[in-house]
Amino acid sequence: MTSNRTLAGAWLRRSGGVVLLAVLVGGSAYVGAHEGHRGQEAAGTRATPSTTSAPVRPALGSSAAYAPDGWLYAVTSEDGHVLLHRSAEGRIWQTVTKVNREPEPISADGENRPKLVFGADGSALVSWTRPLSKPYSGEIRFARAADGEHFDAPITVHRDRSEITHRFESMMVSGEGQVVVAWIDKRDLEAHKRGGEGDSAYRGAAIYAAVSTDNGRSFAAEQKLADHSCECCRIAMARDVDGQPVLLWRHVFEPNERDHAMLRINARLRPEGLQRATFDRWRIDACPHHGPSLAIAEDGTRHAVWFNERDGETRVFYGRLGAAAVEGQRLVGDDRAAHADIEVTGKEVAIVWKAFDGERTVLRVERSMDGGRHFDEAKTLATTEGASDQPRLLRHGSRMLAFWRTEREGMKGYPLP
(Lines give C-alpha, C1' and ligand atoms only; values in the text may rest on other atoms or scores of the structure.)
Protein backbone atom coordinates (compact mmCIF):
# COMPACT_ATOMS: atom_id res chain seq x y z
CA MET A 1 0.00 0.00 0.00
CA THR A 2 1.40 3.36 -1.01
CA SER A 3 -1.20 5.55 0.64
CA ASN A 4 -2.49 5.85 4.19
CA ARG A 5 -5.51 7.92 3.24
CA THR A 6 -8.73 7.02 5.05
CA LEU A 7 -11.85 7.64 2.96
CA ALA A 8 -15.49 7.02 3.77
CA GLY A 9 -15.08 3.27 3.72
CA ALA A 10 -12.71 2.71 0.83
CA TRP A 11 -10.06 4.06 -1.52
CA LEU A 12 -9.21 2.81 -4.93
CA ARG A 13 -6.19 2.73 -7.21
CA ARG A 14 -5.46 1.17 -10.59
CA SER A 15 -2.54 -1.16 -11.16
CA GLY A 16 -1.99 -3.06 -14.39
CA GLY A 17 -5.69 -3.00 -15.36
CA VAL A 18 -6.85 -4.33 -11.98
CA VAL A 19 -8.68 -2.10 -9.53
CA LEU A 20 -7.64 -2.67 -5.92
CA LEU A 21 -10.09 -2.02 -3.13
CA ALA A 22 -8.73 -1.37 0.36
CA VAL A 23 -11.19 -1.26 3.24
CA LEU A 24 -9.79 0.09 6.48
CA VAL A 25 -11.12 -1.70 9.53
CA GLY A 26 -9.74 -1.04 12.98
CA GLY A 27 -6.49 0.27 11.48
CA SER A 28 -5.78 -2.74 9.23
CA ALA A 29 -6.39 -2.91 5.50
CA TYR A 30 -8.14 -5.68 3.63
CA VAL A 31 -7.31 -5.68 -0.08
CA GLY A 32 -9.42 -7.34 -2.75
CA ALA A 33 -8.94 -7.36 -6.51
CA HIS A 34 -11.67 -6.60 -9.00
CA GLU A 35 -11.02 -7.80 -12.52
CA GLY A 36 -13.10 -5.60 -14.80
CA HIS A 37 -16.69 -5.66 -13.53
CA ARG A 38 -16.28 -8.73 -11.37
CA GLY A 39 -17.14 -8.49 -7.68
CA GLN A 40 -14.89 -9.55 -4.81
CA GLU A 41 -16.08 -11.81 -2.01
CA ALA A 42 -16.04 -9.89 1.25
CA ALA A 43 -13.38 -10.94 3.73
CA GLY A 44 -14.37 -13.57 6.24
CA THR A 45 -17.08 -15.20 4.11
CA ARG A 46 -15.17 -17.94 2.31
CA ALA A 47 -15.29 -21.45 3.70
CA THR A 48 -11.56 -22.00 3.21
CA PRO A 49 -9.52 -18.79 3.48
CA SER A 50 -6.09 -18.78 1.91
CA THR A 51 -3.14 -18.92 4.28
CA THR A 52 -1.16 -16.65 1.97
CA SER A 53 -3.71 -13.84 1.77
CA ALA A 54 -4.16 -10.87 4.09
CA PRO A 55 -5.47 -11.69 7.59
CA VAL A 56 -9.16 -12.59 7.50
CA ARG A 57 -11.41 -10.30 9.48
CA PRO A 58 -13.81 -11.82 11.99
CA ALA A 59 -17.15 -12.78 10.40
CA LEU A 60 -19.15 -10.19 12.31
CA GLY A 61 -21.97 -9.74 9.79
CA SER A 62 -25.25 -9.78 11.73
CA SER A 63 -28.82 -8.51 11.45
CA ALA A 64 -31.44 -7.66 14.03
CA ALA A 65 -35.19 -7.04 14.10
CA TYR A 66 -37.96 -6.39 16.58
CA ALA A 67 -40.51 -9.16 16.98
CA PRO A 68 -44.20 -8.19 17.16
CA ASP A 69 -44.09 -8.59 20.97
CA GLY A 70 -41.27 -6.03 21.28
CA TRP A 71 -38.42 -8.45 21.96
CA LEU A 72 -35.24 -7.81 19.99
CA TYR A 73 -33.83 -10.70 17.95
CA ALA A 74 -30.59 -11.05 15.99
CA VAL A 75 -28.96 -13.57 13.67
CA THR A 76 -25.24 -14.32 13.44
CA SER A 77 -23.06 -17.00 11.87
CA GLU A 78 -20.80 -19.46 13.67
CA ASP A 79 -19.23 -22.77 12.58
CA GLY A 80 -21.52 -23.14 9.56
CA HIS A 81 -24.72 -22.34 11.43
CA VAL A 82 -26.96 -19.29 11.50
CA LEU A 83 -27.73 -18.63 15.17
CA LEU A 84 -30.83 -16.85 16.46
CA HIS A 85 -30.43 -14.68 19.58
CA ARG A 86 -32.89 -12.76 21.76
CA SER A 87 -32.59 -9.72 24.02
CA ALA A 88 -34.97 -7.55 26.00
CA GLU A 89 -33.11 -4.29 25.35
CA GLY A 90 -30.08 -5.12 23.22
CA ARG A 91 -27.45 -5.40 25.95
CA ILE A 92 -27.63 -9.00 27.17
CA TRP A 93 -28.30 -11.70 24.58
CA GLN A 94 -29.52 -15.28 24.87
CA THR A 95 -28.86 -17.76 22.05
CA VAL A 96 -32.24 -19.28 21.18
CA THR A 97 -31.48 -21.87 18.50
CA LYS A 98 -29.60 -22.91 15.38
CA VAL A 99 -31.53 -21.90 12.28
CA ASN A 100 -29.94 -24.58 10.05
CA ARG A 101 -29.39 -27.99 11.66
CA GLU A 102 -26.82 -29.12 9.11
CA PRO A 103 -23.76 -26.85 8.80
CA GLU A 104 -22.99 -25.12 5.51
CA PRO A 105 -20.87 -22.17 4.31
CA ILE A 106 -22.51 -18.85 5.20
CA SER A 107 -21.62 -15.33 4.08
CA ALA A 108 -21.54 -13.18 7.19
CA ASP A 109 -19.55 -10.01 6.70
CA GLY A 110 -19.83 -6.52 5.28
CA GLU A 111 -22.51 -6.21 2.60
CA ASN A 112 -23.46 -9.89 2.73
CA ARG A 113 -24.91 -11.15 6.00
CA PRO A 114 -27.81 -13.28 7.31
CA LYS A 115 -31.11 -11.37 7.37
CA LEU A 116 -34.02 -11.56 9.80
CA VAL A 117 -37.62 -10.35 9.51
CA PHE A 118 -40.91 -11.37 11.07
CA GLY A 119 -43.83 -12.50 8.93
CA ALA A 120 -47.38 -11.24 9.03
CA ASP A 121 -48.27 -14.35 11.08
CA GLY A 122 -45.45 -13.71 13.57
CA SER A 123 -43.14 -16.37 12.12
CA ALA A 124 -39.37 -15.78 12.20
CA LEU A 125 -37.93 -15.63 8.66
CA VAL A 126 -34.18 -15.87 8.03
CA SER A 127 -32.25 -15.64 4.75
CA TRP A 128 -28.56 -15.93 3.95
CA THR A 129 -26.16 -16.48 1.06
CA ARG A 130 -24.39 -19.84 0.85
CA PRO A 131 -21.07 -19.54 -1.05
CA LEU A 132 -20.41 -22.30 -3.60
CA SER A 133 -17.12 -23.70 -4.85
CA LYS A 134 -16.60 -21.36 -7.82
CA PRO A 135 -15.33 -17.83 -7.09
CA TYR A 136 -18.13 -15.29 -6.51
CA SER A 137 -20.82 -17.97 -6.80
CA GLY A 138 -23.57 -18.60 -4.28
CA GLU A 139 -27.22 -19.36 -3.67
CA ILE A 140 -29.89 -17.71 -1.57
CA ARG A 141 -31.07 -19.79 1.38
CA PHE A 142 -34.17 -19.32 3.53
CA ALA A 143 -35.64 -20.86 6.67
CA ARG A 144 -38.90 -20.28 8.57
CA ALA A 145 -39.94 -20.87 12.19
CA ALA A 146 -43.70 -20.64 12.68
CA ASP A 147 -43.26 -20.36 16.45
CA GLY A 148 -40.18 -18.14 16.20
CA GLU A 149 -37.87 -20.88 17.45
CA HIS A 150 -38.19 -24.22 15.63
CA PHE A 151 -37.06 -23.77 12.04
CA ASP A 152 -38.04 -25.85 9.06
CA ALA A 153 -35.23 -27.25 6.92
CA PRO A 154 -33.68 -24.48 4.77
CA ILE A 155 -34.68 -24.12 1.15
CA THR A 156 -32.98 -22.43 -1.82
CA VAL A 157 -35.21 -19.57 -2.88
CA HIS A 158 -34.48 -19.50 -6.62
CA ARG A 159 -35.17 -22.14 -9.24
CA ASP A 160 -31.97 -21.46 -11.14
CA ARG A 161 -29.29 -23.81 -9.78
CA SER A 162 -26.36 -22.68 -11.95
CA GLU A 163 -23.13 -22.31 -10.01
CA ILE A 164 -22.99 -18.55 -10.56
CA THR A 165 -23.60 -15.41 -8.54
CA HIS A 166 -26.86 -15.43 -6.59
CA ARG A 167 -25.68 -13.30 -3.68
CA PHE A 168 -26.15 -10.18 -1.52
CA GLU A 169 -29.81 -10.86 -0.78
CA SER A 170 -32.19 -8.52 1.01
CA MET A 171 -35.58 -9.43 2.47
CA MET A 172 -38.73 -7.67 3.63
CA VAL A 173 -42.41 -8.32 4.31
CA SER A 174 -44.80 -6.14 2.35
CA GLY A 175 -47.88 -4.48 3.79
CA GLU A 176 -49.95 -7.29 2.28
CA GLY A 177 -47.84 -9.89 4.09
CA GLN A 178 -45.86 -11.07 1.08
CA VAL A 179 -42.28 -12.13 1.79
CA VAL A 180 -40.01 -10.60 -0.85
CA VAL A 181 -36.39 -11.68 -1.28
CA ALA A 182 -34.21 -9.79 -3.80
CA TRP A 183 -30.60 -10.49 -4.74
CA ILE A 184 -27.78 -9.81 -7.20
CA ASP A 185 -27.71 -12.39 -10.01
CA LYS A 186 -25.30 -13.00 -12.90
CA ARG A 187 -27.24 -15.45 -15.06
CA ASP A 188 -27.72 -12.81 -17.78
CA LEU A 189 -24.03 -11.94 -17.81
CA GLU A 190 -23.21 -15.63 -18.13
CA ALA A 191 -25.70 -15.98 -20.99
CA HIS A 192 -23.97 -13.16 -22.87
CA LYS A 193 -20.60 -14.81 -22.31
CA ARG A 194 -21.89 -18.15 -23.57
CA GLY A 195 -23.10 -16.34 -26.66
CA GLY A 196 -19.54 -15.23 -27.35
CA GLU A 197 -20.15 -11.58 -26.51
CA GLY A 198 -17.80 -11.43 -23.50
CA ASP A 199 -18.06 -9.36 -20.31
CA SER A 200 -18.13 -6.03 -22.14
CA ALA A 201 -21.50 -6.79 -23.76
CA TYR A 202 -23.31 -6.78 -20.41
CA ARG A 203 -22.71 -4.19 -17.69
CA GLY A 204 -22.52 -5.54 -14.15
CA ALA A 205 -25.13 -8.01 -12.91
CA ALA A 206 -28.93 -8.03 -12.50
CA ILE A 207 -31.51 -7.74 -9.72
CA TYR A 208 -33.78 -10.77 -9.30
CA ALA A 209 -36.49 -11.36 -6.72
CA ALA A 210 -38.86 -14.09 -5.54
CA VAL A 211 -42.08 -13.70 -3.55
CA SER A 212 -43.91 -15.91 -1.07
CA THR A 213 -47.64 -15.43 -0.50
CA ASP A 214 -47.89 -18.07 2.26
CA ASN A 215 -45.66 -16.51 4.92
CA GLY A 216 -42.48 -18.14 3.64
CA ARG A 217 -43.67 -21.73 3.26
CA SER A 218 -42.93 -21.59 -0.49
CA PHE A 219 -41.72 -19.14 -3.14
CA ALA A 220 -42.90 -18.54 -6.68
CA ALA A 221 -40.35 -18.67 -9.48
CA GLU A 222 -37.98 -15.71 -9.41
CA GLN A 223 -38.33 -12.78 -11.77
CA LYS A 224 -35.79 -10.30 -13.08
CA LEU A 225 -36.42 -6.75 -11.89
CA ALA A 226 -33.56 -4.91 -13.61
CA ASP A 227 -30.42 -5.39 -15.67
CA HIS A 228 -27.02 -3.78 -14.98
CA SER A 229 -26.76 -3.58 -11.22
CA CYS A 230 -23.42 -3.21 -9.50
CA GLU A 231 -22.00 -6.56 -8.36
CA CYS A 232 -21.26 -6.38 -4.62
CA CYS A 233 -23.26 -3.62 -2.94
CA ARG A 234 -26.21 -4.44 -0.71
CA ILE A 235 -29.75 -3.77 -1.91
CA ALA A 236 -31.82 -1.42 0.24
CA MET A 237 -35.52 -2.21 0.64
CA ALA A 238 -38.28 -0.18 2.30
CA ARG A 239 -42.07 -0.19 2.45
CA ASP A 240 -43.86 2.47 0.42
CA VAL A 241 -46.83 4.27 1.98
CA ASP A 242 -49.15 1.52 0.68
CA GLY A 243 -46.86 -1.24 1.94
CA GLN A 244 -45.35 -2.24 -1.40
CA PRO A 245 -41.56 -2.74 -1.64
CA VAL A 246 -39.25 -0.04 -2.99
CA LEU A 247 -35.69 -1.09 -3.86
CA LEU A 248 -32.58 1.09 -4.04
CA TRP A 249 -29.22 -0.20 -5.31
CA ARG A 250 -25.98 0.85 -6.96
CA HIS A 251 -26.52 0.65 -10.70
CA VAL A 252 -24.19 0.73 -13.71
CA PHE A 253 -25.53 3.48 -15.96
CA GLU A 254 -24.04 3.95 -19.41
CA PRO A 255 -21.19 4.19 -20.10
CA ASN A 256 -19.99 3.23 -16.60
CA GLU A 257 -21.45 5.59 -14.00
CA ARG A 258 -22.12 3.82 -10.72
CA ASP A 259 -24.94 5.89 -9.32
CA HIS A 260 -28.09 4.47 -7.73
CA ALA A 261 -31.34 3.24 -9.20
CA MET A 262 -34.71 3.00 -7.47
CA LEU A 263 -37.62 0.72 -8.33
CA ARG A 264 -41.02 0.05 -6.83
CA ILE A 265 -42.62 -3.35 -7.35
CA ASN A 266 -46.32 -4.17 -7.15
CA ALA A 267 -48.11 -7.06 -5.48
CA ARG A 268 -47.44 -9.31 -8.51
CA LEU A 269 -43.71 -8.56 -8.34
CA ARG A 270 -43.95 -6.43 -11.47
CA PRO A 271 -41.50 -3.50 -11.71
CA GLU A 272 -43.10 -0.05 -11.74
CA GLY A 273 -40.72 2.40 -13.38
CA LEU A 274 -36.99 2.11 -12.74
CA GLN A 275 -35.53 5.58 -12.20
CA ARG A 276 -32.12 7.04 -11.60
CA ALA A 277 -32.00 8.07 -7.96
CA THR A 278 -28.57 9.75 -7.54
CA PHE A 279 -26.62 11.91 -9.95
CA ASP A 280 -23.03 12.03 -8.69
CA ARG A 281 -21.74 10.39 -11.92
CA TRP A 282 -19.02 8.30 -10.29
CA ARG A 283 -17.07 6.53 -13.03
CA ILE A 284 -15.32 3.53 -11.55
CA ASP A 285 -14.64 0.12 -13.05
CA ALA A 286 -15.26 -1.78 -9.80
CA CYS A 287 -17.72 -2.23 -6.98
CA PRO A 288 -16.91 -0.34 -3.76
CA HIS A 289 -18.78 -2.76 -1.42
CA HIS A 290 -20.79 0.14 -0.05
CA GLY A 291 -24.53 -0.09 -0.60
CA PRO A 292 -27.23 2.49 0.17
CA SER A 293 -29.99 2.65 2.78
CA LEU A 294 -33.58 3.81 2.28
CA ALA A 295 -36.41 4.85 4.61
CA ILE A 296 -39.83 6.08 3.46
CA ALA A 297 -41.82 8.50 5.61
CA GLU A 298 -45.59 8.46 6.11
CA ASP A 299 -45.95 11.31 3.61
CA GLY A 300 -44.11 9.30 0.95
CA THR A 301 -40.78 11.15 1.19
CA ARG A 302 -37.94 8.78 0.28
CA HIS A 303 -34.98 9.47 2.56
CA ALA A 304 -31.67 7.83 1.64
CA VAL A 305 -27.98 7.67 2.53
CA TRP A 306 -25.36 6.44 0.08
CA PHE A 307 -21.63 6.40 -0.67
CA ASN A 308 -20.30 7.95 -3.88
CA GLU A 309 -17.65 10.18 -5.37
CA ARG A 310 -18.57 13.75 -6.20
CA ASP A 311 -16.27 16.63 -7.15
CA GLY A 312 -13.25 14.42 -6.53
CA GLU A 313 -14.24 13.42 -2.98
CA THR A 314 -15.51 9.99 -1.96
CA ARG A 315 -18.06 10.59 0.78
CA VAL A 316 -21.31 9.50 2.41
CA PHE A 317 -24.34 11.58 1.37
CA TYR A 318 -27.92 12.11 2.55
CA GLY A 319 -30.78 13.24 0.34
CA ARG A 320 -34.51 12.98 -0.41
CA LEU A 321 -34.98 11.08 -3.64
CA GLY A 322 -37.36 12.56 -6.21
CA ALA A 323 -38.44 11.62 -9.70
CA ALA A 324 -35.48 13.23 -11.46
CA ALA A 325 -33.40 14.95 -8.78
CA VAL A 326 -32.16 14.72 -5.21
CA GLU A 327 -33.52 17.28 -2.77
CA GLY A 328 -31.41 18.46 0.17
CA GLN A 329 -28.29 16.46 -0.71
CA ARG A 330 -25.66 16.96 1.98
CA LEU A 331 -22.55 15.31 3.38
CA VAL A 332 -22.82 12.94 6.34
CA GLY A 333 -20.02 13.29 8.89
CA ASP A 334 -16.50 13.92 7.62
CA ASP A 335 -14.34 12.13 5.06
CA ARG A 336 -14.00 9.14 7.44
CA ALA A 337 -17.72 8.38 7.61
CA ALA A 338 -18.64 4.92 6.29
CA HIS A 339 -21.53 2.44 6.02
CA ALA A 340 -24.37 4.73 7.06
CA ASP A 341 -27.91 3.59 7.77
CA ILE A 342 -31.13 5.61 7.97
CA GLU A 343 -34.54 5.30 9.62
CA VAL A 344 -37.57 7.57 9.93
CA THR A 345 -40.56 7.90 12.21
CA GLY A 346 -42.96 10.78 11.70
CA LYS A 347 -40.85 13.87 10.98
CA GLU A 348 -37.82 12.42 12.77
CA VAL A 349 -34.99 11.22 10.53
CA ALA A 350 -31.98 9.46 12.09
CA ILE A 351 -28.67 8.52 10.47
CA VAL A 352 -25.96 6.34 12.01
CA TRP A 353 -22.50 5.59 10.63
CA LYS A 354 -19.09 4.49 11.76
CA ALA A 355 -15.72 6.20 11.28
CA PHE A 356 -12.14 5.11 11.98
CA ASP A 357 -10.14 7.93 13.61
CA GLY A 358 -6.73 6.25 13.31
CA GLU A 359 -6.97 4.45 16.65
CA ARG A 360 -10.62 3.56 17.24
CA THR A 361 -13.81 3.06 15.30
CA VAL A 362 -16.55 5.44 16.43
CA LEU A 363 -20.32 4.94 16.08
CA ARG A 364 -22.04 8.28 15.47
CA VAL A 365 -25.61 9.51 15.01
CA GLU A 366 -27.32 12.66 13.85
CA ARG A 367 -31.04 13.42 13.84
CA SER A 368 -33.48 15.75 12.14
CA MET A 369 -36.85 16.65 13.64
CA ASP A 370 -38.20 18.43 10.55
CA GLY A 371 -38.17 15.78 7.87
CA GLY A 372 -34.49 16.01 6.96
CA ARG A 373 -34.23 19.73 6.32
CA HIS A 374 -32.02 20.44 9.31
CA PHE A 375 -29.91 18.03 11.35
CA ASP A 376 -28.59 18.44 14.87
CA GLU A 377 -24.91 18.09 15.71
CA ALA A 378 -23.58 14.56 15.42
CA LYS A 379 -23.17 12.63 18.67
CA THR A 380 -21.02 9.62 19.58
CA LEU A 381 -22.89 6.49 20.65
CA ALA A 382 -20.00 4.05 21.13
CA THR A 383 -16.37 3.29 20.29
CA THR A 384 -14.31 0.14 19.77
CA GLU A 385 -10.63 -0.64 19.29
CA GLY A 386 -11.21 -3.86 17.34
CA ALA A 387 -12.99 -4.88 14.17
CA SER A 388 -16.66 -4.00 13.80
CA ASP A 389 -19.70 -4.74 11.68
CA GLN A 390 -21.76 -2.16 9.85
CA PRO A 391 -24.26 -0.38 12.13
CA ARG A 392 -28.02 -0.68 11.64
CA LEU A 393 -30.98 1.43 12.78
CA LEU A 394 -34.03 -0.45 14.05
CA ARG A 395 -37.50 0.96 14.66
CA HIS A 396 -40.31 -0.40 16.83
CA GLY A 397 -43.26 1.98 16.76
CA SER A 398 -41.76 5.41 17.35
CA ARG A 399 -38.73 3.97 19.16
CA MET A 400 -35.39 3.77 17.36
CA LEU A 401 -32.27 1.85 18.34
CA ALA A 402 -28.78 1.64 16.81
CA PHE A 403 -27.60 -1.98 16.56
CA TRP A 404 -23.84 -2.52 16.31
CA ARG A 405 -21.72 -5.63 16.66
CA THR A 406 -18.01 -5.33 17.43
CA GLU A 407 -15.27 -7.90 17.90
CA ARG A 408 -14.57 -6.83 21.48
CA GLU A 409 -17.94 -5.67 22.80
CA GLY A 410 -20.24 -8.09 20.95
CA MET A 411 -23.78 -7.15 19.93
CA LYS A 412 -25.20 -4.02 21.53
CA GLY A 413 -28.27 -1.86 21.14
CA TYR A 414 -27.79 1.86 21.66
CA PRO A 415 -30.84 4.08 22.29
CA LEU A 416 -30.61 7.37 20.43
CA PRO A 417 -29.80 10.36 22.67
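Visitor: Why is His339 counted as buried?

Guide: Please note at the outset that this model is predicted. The relative accessibility of His339 is 8%, and buried means under 20%; therefore His339 counts as buried.

Visitor: Where is His339 placed, and what is its phi?

Guide: His339 belongs to strand E24. Its phi is near 50°, which is a positive value in a residue other than glycine.

Visitor: What makes Asn215 buried?

Guide: The relative accessible area of Asn215 is 18%.

Visitor: Why is Lys224 called partly exposed?

Guide: Lys224, a residue of strand E15, has a relative accessible area of 33%. Buried requires a value under 20% and exposed a value over 50%; 33% lies in between, so Lys224 is called partly exposed.

Visitor: How do you know that the side chain of Lys224 makes polar contacts?

Guide: The side chain of Lys224 is paired with the side chain of Asp188 at 3.2 Å and with the side chain of Asp227 at 3.0 Å. A polar contact requires N or O atoms within 3.5 Å, so both pairs qualify.

Visitor: Which residues does Lys224 touch, leaving aside those up to four places away in sequence?

Guide: They are Asp188, Ala206, Ile207, Tyr208 and Pro271. Lys224 and Pro271 are 47 residues apart in sequence, while their C-alpha atoms are 9.0 Å apart in space.

Visitor: Asp188 has been named as a partner of Lys224. Which residues of helix H1 are buried?

Guide: In H1, residues 187-194, the buried ones are Arg187, Asp188 and Leu189. Their cover includes E12, E13, E14 and E15. After H1 comes Gly196, with a positive phi near 80°.

Visitor: What makes Ser368 a buried residue?

Guide: Ser368, in strand E26 (residues 361-368), has a relative accessibility of 0%. Since buried means under 20%, Ser368 counts as buried.

Visitor: How do you know that the side chain of Ser368 makes a polar contact with the side chain of Asp370?

Guide: The distance is 2.7 Å, and the limit is within 3.5 Å, so the pair counts as a polar contact. Not counting residues up to four places away in sequence, Ser368 touches Lys347, Glu348, Val349, Arg373, His374 and Phe375.

Visitor: Which residues have the most contacts inside the largest nonpolar core?

Guide: This core has 24 residues, and those with the most contacts inside it are Leu225, Ile235, Leu247 and Trp249. The elements that give two or more residues to it are E12, E13, E14, E15, E17 and E18. E14 gives the most, with 4 residues. Apart from this core lies another, of 20 residues, among them Ile284, Ala295, Val305 and Val344.

Visitor: What does Leu225 touch, not counting residues up to four places away in sequence?

Guide: Leu225 touches Ile207, Tyr208, Ala209, Leu247, Leu263, Ile265, Leu269 and Pro271.

Visitor: Which residues are closest to the centre of the largest pocket?

Guide: The largest pocket has a volume of about 1500 Å³. Of its 44 lining residues, Val117, Met172, Met237, Ala238 and Glu343 are closest to its centre. Among the elements that give two or more residues to the lining are E12 and E24.

Visitor: Which peptide bond is cis, and what is its omega?

Guide: The bond from Glu254 to Pro255 is cis, with omega near -5°. Pro255 is in the loop between E17 and E18.

Visitor: How many helices and strands does the protein have, and what share of its residues is buried?

Guide: The protein has 1 helix and 30 strands, and 60% of its 417 residues count as buried.

Definitions and conventions
Residues numbered from 1 in each chain as written. Predicted model: local features only at pLDDT ≥ 70, side-chain atom pairs only at ≥ 80, totals over all residues. Heavy atoms only, no water. Buried < 20%, exposed > 50% of the residue type's maximum accessible area, 1.4 Å probe, protein only. Core = buried A, V, L, I, M, F, W, Y, C linked by side-chain atoms within 4.5 Å. Contact = heavy atoms within 4.5 Å. Polar contact = N/O pair within 3.5 Å; in protein donor to acceptor, adjacent residues only side chain to side chain. 1 Å grid on protein atoms, 1.4 Å probe; cavity = no way out; pocket = protein on both sides within 12 Å on 5 of 7 lines; lining within 4 Å. Points joined across faces, edges and corners; volume = space filled by probe spheres on them.
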